[in-house]
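I want to go through a sheet, a ligand site and one residue I had flagged.

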Amino acid sequence: MVFKRFFDRTPAADAPETTDDAGTDDTGEELEPEFDAAAPEDAPDQSWAERAARVIAGGASTGSKRPSALYGTDAPDAPTHFLHASGCHVVAADGETYLDCSMGLGAVALGYAEPHVTRAALDAIGGGHVSGLNSTLEVTLAERLCSTIPCAEQVRFLKTGAEATSAAVRIARIYTGRDMVITSGYFGWHDWASEVKGVPDGVRKDVIRVAFDDIAALESAARTAGDRLAAIILEPVVERLPLDSWIARARELCTQHGAVLIFDEMKTGFRLAPAGFQELSGVTPDLATFGKALANGFPLSVVCGRKDLMQACSDTWISSTLAGEAGALAAALTVLEWHDQADVCELLAKNGAEMRRVVSAAIQASGAPGVTLLGLDPMWLLRFEDPSAESKFLQAAARQGVLFKRGAYNYASVAHDDNAVRAIEHAASAAFVELLDRT
Ligand SMILES: Cc1ncc(COP(=O)(O)O)c(C=O)c1O
């Protein structure tokens, strides 16, 4: 047993220093663990998607990475699993390299395996990234975020977006002593945020969902909630910037009702502007949540806001064993350093505008019907009227070496340079032409 030998041989503190090479024992045998968890395995008779379907419920742990979610249909030849990722490229399990436009669902803005971020995370991990005490990086990052995000006087770290939004709603409920929450947007899979099987009616009845930009719906929901309104939580950007009047009305209603305004900046933070929509709009919410690009793909989320509100954390229980894990904190600190050194968000907007320009030109040149380009430059999407045309397009583009996101945002990254844009142009043009040929 390699590990047993490895640990058995750890010298006692008073043992004499050995002159052996650190990696061999007396017989010259290797003492290092002998496996590489990341090494591809041979699976001659089954694809990775088939193997995943057997042992992973639903085929993937992230909903929008299920094979059917990636391509909309059975696509046996299209890539579903990857081995390595770097910049804006992924090496899929079949060894082919693809240019990726989904960038880990927006979690990666600086590029996959960005060397500075990776180095910082590895240094933190190598130095022992968890212990029974809190990492100093937790404090340093909290200080940096409080000076970067307008609404942030205090923060709490968690690991996922769903955790951060759930914490924000919990804080608002504790602070106001009320239950009702008005929501607009996607906030993750937790009960209060979901309308799916398995969520008890009791949880649903305290949540009123309203459509994006719908002022009348917002006002009507606030009337229904009345003096039970704890919070309005908004995803402030959904395919377009919101009406100023919608955001202003949400702010007013919260102020009138003594309720808490929460912006979920999961997609917008460190992408549209470092502090997200609140920085762009100048409207400061009471609480906000961040994640995704905050740590360039390392698992980290934040709930932050006014100190008097954040104090409610101490009146309830919001905690997770690895919330202050230092690898992700170090990654986030390096992301902040990047934003200090360069106008990352401007770069994302510039690269995204180029991506959109060539895809839009490809749509027009091909004359492909029923497809429109929506969104903002740093986060844009293709909307197809016919889902089967979308599937065909995605598979054709993959055959050309480019992965577009089905039904959701493509995210620009710093790594989407001129060469990447040319590859996108070529793949989109060929895929739209192929789509027309086949229909
Ligand atoms: C706006 C928004 N909030 C919350 C979430 C949930 O984040 P997570 O998937 O990390 O739980 C997402 C995920 O896409 C999101 O886009």
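Started with Val90: its bridge partner in S3 is Tyr98. This is a predicted model, so I'm reading everything here as such. I then looked at the two strands as a pair: S2 covers residues 89-92 and S3 covers residues 97-100. They run antiparallel, with 3 bridges between them.

Next, the sheet around that pair. I find an open sheet of 4 strands, ordered S1-S2-S3-S13, and the pairing is mixed. Which strands stand at the edges? Those are S1 (82-86) and S13 (402-403); each has a single partner strand, so one side of each has no neighbour in the sheet.

Moved on to the ligand. I get 14 residues around it, and the ones that come nearest are Thr160, Gly161, Ala162, Gly188 and Met266. Which helix gives the most to this shell? I noted helix H7 (residues 161-176), which supplies 3 residues. I also sorted the shell by class: 5 nonpolar, 6 polar and 3 charged residues.

Last stop, Val207, which sits in strand S6 (residues 207-209). Buried or exposed? I have Val207 down as buried, because it has 21 C-beta neighbours inside 10 Å and the cut-off for buried is 20 or more. I checked its contacts too, leaving out residues up to four places away in sequence: Val207 touches Val181, Thr183 and Trp192. Also jotted down Met180: its C-alpha is 5.8 Å from that of Val207, though the two are 27 residues apart along the chain.

Technical notes:
Residues numbered from 1 in each chain as written. Predicted model: local features only at pLDDT ≥ 70, side-chain atom pairs only at ≥ 80, totals over all residues. Pairing = 2+ DSSP bridges. Near = placed C-beta within 6 Å. Nonpolar A, V, L, I, M, F, W, Y, C, P; charged D, E, K, R; others polar. Buried ≥ 20, exposed ≤ 12 C-beta atoms within 10 Å, placed from the backbone. Contact = placed C-beta atoms within 7 Å.
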